[in-house]
Amino acid sequence: MSSSHPRIALLQVRHDPFAEEQEQECFARACGVPRDSLLLINLLHQPQIQDLDLADADVMILGGAGAHSALDDHPFTEPLSEVVVRWIDDGRPVFGSCWGHQFLGRLLGGSLIHDEERQELGSYRVETTETGRRDPLLEGLPESFTVQLGHHDRIDRLPPAMEELARSELCCHQLIRLRDKPVYGSQFHPELRREDFLDRLAVYRREYAPGAEAMRRVEEGLRPSLEANGLLRRFLELYA
């Protein structure tokens, strides 16, 4: 491992081996680091996570989940909550993607909701807020850009200390930040390109797109998400 790369702790909630490995590959590529720069912890296999497990990490990324909801309590929920709170209190960088985004929202005092009517599956446009346009993470980005999304749950009420940086037509709080801290969450998947989204959806199509017609609609609507795919590298440049 090159010393020029930050050590990234990727915390996963993946029961499917293909999805687990694919998520690792996608985050490594999106972060611009080799795979061996990732410290990998699957919380389903290692629920009693401790600070010592992350001792070598510079950055924490909370990944997606697919078949697990951040609304529910899991064996890892309390240990993970304690570790993440300590990281945040120490001013260390944290990024949550999809499930990780929702977990941060709940942990820090917001509320989540299961909302099938506002489900987003595929490529959507998000609009930056006035606060987002001032945030260094979004510097140089257009006010509207394409992202890859797949969710039934969403943050319903934002924690008081968090700011909304971007939203979509269907779903607010698409990109959030803990005020004055290097802690971000994105409801969308910044690690997924169009082709990655199709591979991921193949694992979870029963939950998200049952039937050939549903899959066809998603595939026809997919678009590249170049700006979103650069966010994790920018996050590391700023805070790692």
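Tyr239 is partly exposed, with a relative accessible area of 21%. (Buried means under 20% relative accessible area, exposed over 50%, and partly exposed in between, with a 1.4 Å probe and protein chains only.) The model is predicted: local features need pLDDT of at least 70, side-chain atom pairs count only at pLDDT 80 or more, and totals for chains, interfaces and linings use all residues. Residues are numbered from 1 along each chain as its sequence is written, and side-chain values use heavy atoms, without hydrogens and water.

**Exercise 1.** Find how many aromatic pairs a search of the whole structure gives.

*Solution.* 
- Step 1: apply the rule. Rings of Phe, Tyr and Trp (its six-membered ring) pair if their centres lie within 6.5 Å; planes under 30 degrees apart are stacked, over 60 edge-to-face, the rest tilted.

**Exercise 2.** Classify the pair of Phe76 and Trp99, then state whether Phe76 is buried or exposed.

*Solution.* 
- Step 1: the centres are 5.9 Å apart and the planes make 70 degrees, an edge-to-face pair.
- Step 2: Phe76 has 2% relative accessibility, so Phe76 is buried.
- Step 3: Trp99 is buried too, at 4%.

**Exercise 3.** Classify the pair of Tyr184 and Tyr239.

*Solution.* 
- Step 1: the ring centres are 5.8 Å apart.
- Step 2: the planes meet at 40 degrees, so the pair is tilted.
- Step 3: Tyr184 counts as buried, at 0% relative accessibility.
- Step 4: look wider. Ring pairs join Tyr184 and Tyr239 with Phe95 and Phe235 in a cluster.
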